[in-house]
Amino acid sequence: MEKSGEAKWRFGAANPALEAASRQSIRSLVRRVYDCLDTSDPRPVAPFGHGDPSVFACFRTAAAAAEAVAAAVLSGKHSRYSPAAGVADARATSCVLTAGCNHAIEIMMAVLASPGANVLLPRPGYPTYEARAALCGLEFRHFDLVPEKGWEVDLDGVEALADENTVAMVIVNPNNPCGSVYSYDHLAKIAETARKLGVLVISDEVYGHCVFGSKPFVPMGVFGETAPVVTLGGISKRWMVPGWRLGWIAASDPKGVIRDKKVIQSIISYCGISVDPVTFVQGAIPQIIANTDEAFFENAMNVMREAAEICYQKLNDIDCITCPHKPEGSMVVMVKLDLSCLDGIDDDVDFCTKVAREESVVICPESGLGMKDWLRITFAVDRPLLEDGLERVKSFCKRHGKAKEVK
(Lines give C-alpha, C1' and ligand atoms only; values in the text may rest on other atoms or scores of the structure.)
Protein backbone atom coordinates (compact mmCIF):
# COMPACT_ATOMS: atom_id res chain seq x y z
CA MET A 1 0.00 0.00 0.00
CA GLU A 2 1.12 3.57 -0.65
CA LYS A 3 1.39 5.83 2.42
CA SER A 4 -1.69 7.68 1.20
CA GLY A 5 -3.66 4.50 1.67
CA GLU A 6 -4.25 3.99 -2.06
CA ALA A 7 -3.47 0.58 -3.51
CA LYS A 8 -0.44 0.13 -5.74
CA TRP A 9 -1.72 -2.02 -8.61
CA ARG A 10 0.83 -4.53 -9.86
CA PHE A 11 -0.80 -5.63 -13.10
CA GLY A 12 -1.05 -4.02 -16.52
CA ALA A 13 2.51 -4.36 -17.83
CA ALA A 14 2.55 -5.26 -21.51
CA ASN A 15 3.42 -8.82 -22.43
CA PRO A 16 6.36 -8.51 -24.89
CA ALA A 17 5.55 -11.88 -26.45
CA LEU A 18 1.95 -10.81 -27.10
CA GLU A 19 3.11 -7.53 -28.61
CA ALA A 20 5.50 -9.39 -30.90
CA ALA A 21 2.77 -11.83 -31.90
CA SER A 22 0.25 -9.07 -32.64
CA ARG A 23 2.67 -7.51 -35.13
CA GLN A 24 2.46 -10.74 -37.14
CA SER A 25 -1.25 -10.44 -37.82
CA ILE A 26 -3.22 -9.99 -41.04
CA ARG A 27 -6.16 -8.73 -38.99
CA SER A 28 -4.16 -5.94 -37.35
CA LEU A 29 -2.64 -4.85 -40.67
CA VAL A 30 -6.00 -4.83 -42.43
CA ARG A 31 -7.73 -3.13 -39.50
CA ARG A 32 -5.28 -0.22 -39.75
CA VAL A 33 -6.14 0.10 -43.45
CA TYR A 34 -9.88 0.03 -42.69
CA ASP A 35 -9.31 2.87 -40.22
CA CYS A 36 -8.18 5.03 -43.16
CA LEU A 37 -11.46 4.72 -45.09
CA ASP A 38 -13.40 7.89 -45.85
CA THR A 39 -16.75 7.11 -44.27
CA SER A 40 -18.41 9.82 -46.37
CA ASP A 41 -17.63 7.92 -49.58
CA PRO A 42 -20.96 6.47 -50.79
CA ARG A 43 -19.32 3.68 -52.76
CA PRO A 44 -19.25 0.18 -51.27
CA VAL A 45 -15.92 -0.84 -49.77
CA ALA A 46 -14.02 -3.31 -51.97
CA PRO A 47 -12.65 -5.79 -49.39
CA PHE A 48 -9.49 -7.15 -51.02
CA GLY A 49 -7.50 -7.33 -47.78
CA HIS A 50 -8.91 -10.34 -45.96
CA GLY A 51 -10.66 -13.31 -47.52
CA ASP A 52 -14.19 -14.08 -46.39
CA PRO A 53 -16.19 -15.21 -49.41
CA SER A 54 -19.17 -16.18 -47.27
CA VAL A 55 -20.48 -12.59 -47.25
CA PHE A 56 -21.25 -12.80 -50.99
CA ALA A 57 -24.26 -14.69 -52.36
CA CYS A 58 -22.19 -16.22 -55.16
CA PHE A 59 -20.09 -18.03 -52.54
CA ARG A 60 -22.88 -19.05 -50.17
CA THR A 61 -22.44 -22.50 -48.66
CA ALA A 62 -24.38 -25.53 -49.82
CA ALA A 63 -27.95 -25.71 -48.51
CA ALA A 64 -27.26 -29.30 -47.43
CA ALA A 65 -24.48 -28.07 -45.13
CA ALA A 66 -26.66 -25.44 -43.48
CA GLU A 67 -29.48 -27.97 -43.10
CA ALA A 68 -27.11 -30.47 -41.48
CA VAL A 69 -26.03 -27.93 -38.86
CA ALA A 70 -29.63 -26.93 -38.17
CA ALA A 71 -30.61 -30.58 -37.77
CA ALA A 72 -27.70 -31.18 -35.39
CA VAL A 73 -28.83 -28.27 -33.21
CA LEU A 74 -32.48 -29.32 -33.23
CA SER A 75 -31.65 -32.94 -32.43
CA GLY A 76 -30.64 -31.97 -28.90
CA LYS A 77 -27.77 -34.46 -29.07
CA HIS A 78 -24.93 -31.99 -29.53
CA SER A 79 -25.15 -29.49 -26.70
CA ARG A 80 -22.61 -31.24 -24.47
CA TYR A 81 -18.85 -30.95 -24.19
CA SER A 82 -16.90 -32.96 -26.73
CA PRO A 83 -13.89 -35.21 -26.12
CA ALA A 84 -10.49 -33.49 -26.41
CA ALA A 85 -9.78 -35.03 -29.83
CA GLY A 86 -13.32 -34.38 -31.11
CA VAL A 87 -16.59 -36.26 -31.51
CA ALA A 88 -15.84 -39.77 -32.75
CA ASP A 89 -18.40 -39.73 -35.59
CA ALA A 90 -16.88 -36.55 -36.99
CA ARG A 91 -13.24 -37.62 -37.18
CA ALA A 92 -11.02 -40.35 -38.51
CA THR A 93 -8.91 -42.31 -36.04
CA SER A 94 -5.74 -40.40 -36.97
CA CYS A 95 -7.42 -36.99 -36.92
CA VAL A 96 -7.85 -34.46 -34.10
CA LEU A 97 -10.58 -31.85 -34.53
CA THR A 98 -9.83 -28.20 -33.82
CA ALA A 99 -11.71 -24.91 -33.61
CA GLY A 100 -10.71 -23.96 -37.14
CA CYS A 101 -7.39 -24.18 -38.93
CA ASN A 102 -5.95 -21.22 -36.97
CA HIS A 103 -6.48 -23.26 -33.81
CA ALA A 104 -4.63 -26.14 -35.46
CA ILE A 105 -1.70 -23.77 -36.12
CA GLU A 106 -1.77 -22.64 -32.49
CA ILE A 107 -1.64 -26.24 -31.30
CA MET A 108 1.22 -27.29 -33.57
CA MET A 109 3.41 -24.29 -32.69
CA ALA A 110 2.82 -24.91 -28.98
CA VAL A 111 3.49 -28.65 -29.22
CA LEU A 112 6.78 -28.06 -31.06
CA ALA A 113 7.99 -25.28 -28.74
CA SER A 114 10.56 -27.25 -26.77
CA PRO A 115 13.51 -25.23 -25.39
CA GLY A 116 15.87 -24.14 -28.17
CA ALA A 117 13.76 -25.53 -31.02
CA ASN A 118 13.13 -23.69 -34.27
CA VAL A 119 10.74 -24.09 -37.21
CA LEU A 120 11.14 -23.06 -40.83
CA LEU A 121 8.33 -20.93 -42.27
CA PRO A 122 7.66 -19.78 -45.84
CA ARG A 123 8.06 -16.16 -46.94
CA PRO A 124 5.61 -14.93 -48.08
CA GLY A 125 3.35 -16.97 -45.87
CA TYR A 126 0.39 -16.99 -43.53
CA PRO A 127 1.49 -14.87 -40.53
CA THR A 128 -0.52 -16.74 -37.90
CA TYR A 129 2.42 -19.18 -37.85
CA GLU A 130 4.81 -16.40 -36.88
CA ALA A 131 2.35 -14.97 -34.37
CA ARG A 132 1.76 -18.27 -32.62
CA ALA A 133 5.45 -19.20 -32.65
CA ALA A 134 6.34 -15.81 -31.14
CA LEU A 135 3.68 -16.15 -28.45
CA CYS A 136 4.99 -19.51 -27.25
CA GLY A 137 8.70 -18.67 -27.55
CA LEU A 138 9.40 -20.87 -30.57
CA GLU A 139 12.11 -19.50 -32.85
CA PHE A 140 11.11 -19.23 -36.50
CA ARG A 141 13.27 -18.80 -39.57
CA HIS A 142 12.11 -17.90 -43.05
CA PHE A 143 12.84 -19.68 -46.30
CA ASP A 144 11.85 -18.00 -49.55
CA LEU A 145 9.24 -18.89 -52.10
CA VAL A 146 10.49 -18.07 -55.59
CA PRO A 147 8.05 -16.01 -57.70
CA GLU A 148 9.90 -16.75 -60.94
CA LYS A 149 9.31 -20.47 -60.35
CA GLY A 150 5.61 -20.27 -59.55
CA TRP A 151 6.35 -19.54 -55.87
CA GLU A 152 8.05 -22.91 -55.34
CA VAL A 153 10.05 -23.50 -52.16
CA ASP A 154 13.72 -22.56 -52.30
CA LEU A 155 14.92 -25.95 -51.09
CA ASP A 156 18.58 -24.95 -51.03
CA GLY A 157 17.56 -22.11 -48.74
CA VAL A 158 15.73 -24.57 -46.49
CA GLU A 159 18.84 -26.70 -46.11
CA ALA A 160 20.97 -23.64 -45.39
CA LEU A 161 18.62 -22.49 -42.62
CA ALA A 162 18.22 -25.80 -40.81
CA ASP A 163 20.39 -26.89 -37.91
CA GLU A 164 20.31 -29.55 -35.20
CA ASN A 165 17.51 -27.66 -33.41
CA THR A 166 15.17 -27.46 -36.40
CA VAL A 167 12.09 -29.58 -35.75
CA ALA A 168 9.71 -28.82 -38.63
CA MET A 169 9.11 -26.96 -41.87
CA VAL A 170 5.75 -25.53 -42.92
CA ILE A 171 4.30 -25.46 -46.41
CA VAL A 172 0.96 -23.99 -47.49
CA ASN A 173 -0.60 -25.74 -50.49
CA PRO A 174 -2.62 -24.48 -52.30
CA ASN A 175 -0.76 -21.38 -51.31
CA ASN A 176 -1.99 -18.41 -49.34
CA PRO A 177 -1.00 -15.70 -50.24
CA CYS A 178 0.56 -16.58 -53.60
CA GLY A 179 -2.26 -18.52 -55.30
CA SER A 180 0.13 -21.27 -56.42
CA VAL A 181 -0.44 -25.02 -56.42
CA TYR A 182 2.55 -27.33 -55.99
CA SER A 183 3.19 -30.16 -58.42
CA TYR A 184 3.68 -33.78 -57.39
CA ASP A 185 7.37 -33.55 -58.28
CA HIS A 186 7.96 -30.45 -56.17
CA LEU A 187 6.17 -31.96 -53.17
CA ALA A 188 8.31 -35.08 -53.57
CA LYS A 189 11.44 -32.89 -53.39
CA ILE A 190 10.10 -31.18 -50.27
CA ALA A 191 9.56 -34.57 -48.64
CA GLU A 192 13.06 -35.69 -49.57
CA THR A 193 14.54 -32.50 -48.14
CA ALA A 194 12.61 -33.03 -44.89
CA ARG A 195 13.87 -36.63 -44.71
CA LYS A 196 17.44 -35.46 -45.25
CA LEU A 197 17.12 -32.88 -42.47
CA GLY A 198 15.14 -35.16 -40.14
CA VAL A 199 12.27 -32.70 -39.71
CA LEU A 200 8.49 -32.93 -39.66
CA VAL A 201 6.53 -31.48 -42.57
CA ILE A 202 3.51 -29.43 -41.51
CA SER A 203 1.30 -29.10 -44.57
CA ASP A 204 -1.38 -26.42 -44.34
CA GLU A 205 -4.08 -27.62 -46.74
CA VAL A 206 -7.01 -25.50 -45.63
CA TYR A 207 -7.35 -24.53 -49.31
CA GLY A 208 -7.13 -28.19 -50.36
CA HIS A 209 -9.33 -28.81 -53.41
CA CYS A 210 -9.67 -25.03 -53.92
CA VAL A 211 -7.88 -25.28 -57.27
CA PHE A 212 -8.93 -24.03 -60.68
CA GLY A 213 -5.79 -24.06 -62.83
CA SER A 214 -3.99 -26.78 -64.76
CA LYS A 215 -2.37 -28.45 -61.72
CA PRO A 216 -4.37 -30.88 -59.58
CA PHE A 217 -4.20 -30.66 -55.81
CA VAL A 218 -1.87 -33.31 -54.37
CA PRO A 219 -2.03 -33.87 -50.59
CA MET A 220 1.36 -33.90 -48.90
CA GLY A 221 0.33 -36.98 -46.94
CA VAL A 222 1.01 -39.20 -49.95
CA PHE A 223 4.72 -38.70 -49.18
CA GLY A 224 4.45 -39.98 -45.62
CA GLU A 225 6.74 -42.89 -46.43
CA THR A 226 9.51 -40.41 -47.21
CA ALA A 227 9.01 -38.03 -44.29
CA PRO A 228 6.42 -37.76 -41.50
CA VAL A 229 3.63 -35.33 -42.38
CA VAL A 230 1.10 -33.51 -40.24
CA THR A 231 -1.70 -31.98 -42.31
CA LEU A 232 -3.80 -29.04 -41.16
CA GLY A 233 -7.19 -28.48 -42.73
CA GLY A 234 -10.71 -27.26 -42.21
CA ILE A 235 -14.14 -26.82 -43.75
CA SER A 236 -13.90 -23.01 -43.91
CA LYS A 237 -12.69 -22.67 -47.50
CA ARG A 238 -14.18 -25.70 -49.25
CA TRP A 239 -17.64 -25.09 -47.82
CA MET A 240 -17.20 -21.28 -47.57
CA VAL A 241 -18.02 -21.19 -43.84
CA PRO A 242 -15.09 -19.61 -41.94
CA GLY A 243 -17.38 -18.71 -39.04
CA TRP A 244 -18.20 -22.34 -38.28
CA ARG A 245 -14.68 -22.83 -36.91
CA LEU A 246 -14.10 -26.51 -37.64
CA GLY A 247 -10.60 -27.71 -38.54
CA TRP A 248 -8.36 -30.70 -38.00
CA ILE A 249 -4.87 -32.06 -37.55
CA ALA A 250 -4.15 -35.35 -39.31
CA ALA A 251 -0.99 -37.44 -39.43
CA SER A 252 0.48 -39.39 -42.34
CA ASP A 253 2.88 -41.63 -40.48
CA PRO A 254 3.22 -45.10 -42.03
CA LYS A 255 6.62 -45.61 -40.39
CA GLY A 256 5.38 -44.62 -36.94
CA VAL A 257 7.81 -41.71 -36.45
CA ILE A 258 5.11 -39.28 -35.24
CA ARG A 259 3.68 -41.98 -32.99
CA ASP A 260 7.08 -42.81 -31.48
CA LYS A 261 7.79 -39.12 -30.87
CA LYS A 262 4.41 -38.85 -29.10
CA VAL A 263 3.36 -35.87 -31.22
CA ILE A 264 -0.32 -36.85 -31.45
CA GLN A 265 -0.36 -37.55 -27.71
CA SER A 266 0.99 -34.02 -27.12
CA ILE A 267 -1.62 -32.57 -29.49
CA ILE A 268 -4.45 -34.26 -27.60
CA SER A 269 -2.94 -33.11 -24.29
CA TYR A 270 -2.96 -29.52 -25.55
CA CYS A 271 -6.56 -29.88 -26.70
CA GLY A 272 -7.44 -30.94 -23.17
CA ILE A 273 -6.55 -27.45 -21.90
CA SER A 274 -7.77 -25.52 -24.95
CA VAL A 275 -11.06 -24.64 -26.61
CA ASP A 276 -13.18 -27.21 -28.45
CA PRO A 277 -14.75 -26.83 -31.88
CA VAL A 278 -18.50 -26.24 -31.55
CA THR A 279 -20.09 -29.58 -30.75
CA PHE A 280 -23.15 -29.20 -32.99
CA VAL A 281 -20.91 -28.42 -35.99
CA GLN A 282 -18.93 -31.57 -35.19
CA GLY A 283 -22.21 -33.47 -34.96
CA ALA A 284 -23.21 -32.20 -38.41
CA ILE A 285 -19.97 -33.18 -40.16
CA PRO A 286 -21.04 -36.69 -41.31
CA GLN A 287 -24.15 -35.25 -42.96
CA ILE A 288 -22.33 -32.23 -44.35
CA ILE A 289 -19.91 -34.56 -46.13
CA ALA A 290 -22.52 -37.08 -47.21
CA ASN A 291 -25.18 -34.64 -48.42
CA THR A 292 -23.19 -31.89 -50.16
CA ASP A 293 -23.61 -32.40 -53.89
CA GLU A 294 -20.48 -32.34 -56.04
CA ALA A 295 -22.19 -29.68 -58.15
CA PHE A 296 -21.74 -27.21 -55.27
CA PHE A 297 -17.97 -27.60 -55.36
CA GLU A 298 -17.85 -27.44 -59.15
CA ASN A 299 -19.88 -24.25 -59.20
CA ALA A 300 -17.80 -22.65 -56.44
CA MET A 301 -14.57 -23.36 -58.34
CA ASN A 302 -16.07 -22.05 -61.58
CA VAL A 303 -16.90 -18.78 -59.84
CA MET A 304 -13.45 -18.68 -58.24
CA ARG A 305 -11.73 -19.41 -61.56
CA GLU A 306 -13.61 -16.53 -63.18
CA ALA A 307 -12.73 -14.21 -60.29
CA ALA A 308 -9.05 -15.20 -60.50
CA GLU A 309 -9.02 -14.53 -64.24
CA ILE A 310 -10.66 -11.12 -63.82
CA CYS A 311 -8.22 -10.21 -61.06
CA TYR A 312 -5.16 -11.32 -63.03
CA GLN A 313 -6.17 -9.54 -66.24
CA LYS A 314 -7.11 -6.28 -64.52
CA LEU A 315 -3.95 -6.25 -62.40
CA ASN A 316 -1.85 -6.73 -65.52
CA ASP A 317 -3.53 -3.64 -66.95
CA ILE A 318 -2.16 -1.45 -64.12
CA ASP A 319 1.29 -0.04 -64.95
CA CYS A 320 2.69 0.09 -61.42
CA ILE A 321 1.64 -3.45 -60.42
CA THR A 322 3.21 -6.74 -61.50
CA CYS A 323 1.59 -10.11 -60.93
CA PRO A 324 4.39 -12.67 -61.36
CA HIS A 325 2.18 -15.76 -61.27
CA LYS A 326 -1.42 -16.28 -62.34
CA PRO A 327 -3.36 -17.70 -59.39
CA GLU A 328 -4.21 -21.40 -59.72
CA GLY A 329 -5.63 -22.01 -56.26
CA SER A 330 -6.68 -20.52 -52.93
CA MET A 331 -8.37 -17.09 -53.02
CA VAL A 332 -5.35 -14.80 -52.84
CA VAL A 333 -2.59 -13.44 -55.07
CA MET A 334 0.67 -11.59 -54.42
CA VAL A 335 1.60 -8.60 -56.57
CA LYS A 336 4.68 -6.35 -56.70
CA LEU A 337 4.32 -2.60 -56.43
CA ASP A 338 6.65 -0.51 -58.61
CA LEU A 339 7.11 2.75 -56.72
CA SER A 340 9.19 4.23 -59.52
CA CYS A 341 5.94 4.66 -61.47
CA LEU A 342 4.20 6.56 -58.68
CA ASP A 343 4.53 10.07 -57.33
CA GLY A 344 4.10 10.78 -53.64
CA ILE A 345 3.79 7.14 -52.55
CA ASP A 346 6.44 6.13 -50.01
CA ASP A 347 5.91 2.37 -49.73
CA ASP A 348 3.27 -0.36 -49.79
CA VAL A 349 1.74 0.80 -46.50
CA ASP A 350 1.39 4.34 -47.82
CA PHE A 351 -0.13 2.98 -51.03
CA CYS A 352 -2.74 0.93 -49.16
CA THR A 353 -3.54 3.78 -46.78
CA LYS A 354 -4.15 6.23 -49.60
CA VAL A 355 -6.06 3.87 -51.89
CA ALA A 356 -8.36 3.12 -48.94
CA ARG A 357 -8.93 6.82 -48.22
CA GLU A 358 -9.36 7.88 -51.84
CA GLU A 359 -11.02 4.85 -53.43
CA SER A 360 -12.60 2.82 -50.59
CA VAL A 361 -10.53 -0.22 -51.54
CA VAL A 362 -8.88 -2.27 -48.78
CA ILE A 363 -5.66 -4.08 -49.70
CA CYS A 364 -3.18 -5.69 -47.30
CA PRO A 365 0.38 -4.33 -47.38
CA GLU A 366 3.13 -6.90 -46.98
CA SER A 367 6.12 -4.94 -45.67
CA GLY A 368 5.06 -5.61 -42.09
CA LEU A 369 5.27 -9.30 -42.93
CA GLY A 370 8.71 -9.20 -44.54
CA MET A 371 7.79 -8.47 -48.18
CA LYS A 372 8.45 -4.77 -48.72
CA ASP A 373 6.44 -3.16 -51.53
CA TRP A 374 4.36 -6.26 -52.15
CA LEU A 375 0.58 -6.41 -51.83
CA ARG A 376 -1.72 -9.28 -50.85
CA ILE A 377 -5.01 -9.18 -52.77
CA THR A 378 -8.02 -11.39 -52.14
CA PHE A 379 -10.22 -12.02 -55.17
CA ALA A 380 -13.01 -14.00 -53.46
CA VAL A 381 -15.40 -11.13 -54.07
CA ASP A 382 -18.54 -11.03 -56.17
CA ARG A 383 -17.83 -10.06 -59.78
CA PRO A 384 -19.34 -6.52 -59.94
CA LEU A 385 -17.51 -5.37 -56.80
CA LEU A 386 -14.28 -7.13 -57.84
CA GLU A 387 -14.28 -5.41 -61.24
CA ASP A 388 -15.26 -2.03 -59.82
CA GLY A 389 -12.69 -2.21 -57.02
CA LEU A 390 -9.84 -3.06 -59.38
CA GLU A 391 -10.90 -0.23 -61.70
CA ARG A 392 -10.69 2.11 -58.71
CA VAL A 393 -7.14 0.89 -58.03
CA LYS A 394 -6.27 1.55 -61.68
CA SER A 395 -7.71 5.07 -61.44
CA PHE A 396 -5.72 5.70 -58.26
CA CYS A 397 -2.49 4.58 -59.93
CA LYS A 398 -3.15 6.77 -62.96
CA ARG A 399 -3.87 9.76 -60.74
CA HIS A 400 -0.68 9.23 -58.74
CA GLY A 401 1.45 8.13 -61.69
CA LYS A 402 4.56 10.05 -62.62
CA ALA A 403 4.27 12.09 -65.77
CA LYS A 404 6.03 10.40 -68.66
CA GLU A 405 8.87 12.33 -70.22
CA VAL A 406 8.29 13.56 -73.74
CA LYS A 407 11.29 12.91 -75.94
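Colleague: How far apart are the end C-alpha atoms of helix α4 (residues 101–112)?
Modeller: They are 17 Å apart. At 1.5 Å a residue the 12 residues should span 16 Å, so the two values agree. The expected span is 1.5 Å times one less than the number of residues. Helices here are DSSP runs of H or I with at least four residues, strands are runs of E with at least two, and both are numbered from the N terminus.

Colleague: And what kind of model is this?
Modeller: It is a predicted model, where local features need pLDDT of at least 70, side-chain atom pairs count only at pLDDT 80 or more, and totals for chains, interfaces and linings use all residues. Residues are numbered from 1 along each chain as its sequence is written, and side-chain values use heavy atoms, with hydrogens and water left out.

Colleague: Back to α4. How many of its residues are buried?
Modeller: 9 of its 12 residues are buried, so α4 is mostly covered. Buried means under 20% relative accessible area, exposed over 50%, and partly exposed in between, with a 1.4 Å probe and protein chains only. The buried residues include Cys 101, His 103, Glu 106 and Leu 112.

Colleague: Which residues of strand β2 are buried on each side?
Modeller: Cys 95 and Leu 97 are buried on one side of β2 (residues 95–98), and Val 96 and Thr 98 on the other. In a regular strand the side chains alternate between the two faces of the sheet.

Colleague: What does β2 pair with?
Modeller: Strand β9 (residues 247–252), antiparallel, through 4 bridges. Two strands pair if DSSP finds at least two bridges between them. Val 96 stands opposite Ile 249 in β9.

Colleague: New topic. What is the strand order in the open sheet of 4 strands?
Modeller: The order is β10-β11-β14-β13, with antiparallel pairing. β10 (321–322) and β13 (364–365) are at the edges with a single partner strand each, so one side of each has no neighbour in the sheet.

Colleague: What joins β13 to β14?
Modeller: 2 bridges join β13 to β14 (residues 374–378). Pro 365 stands opposite Leu 375 in β14.
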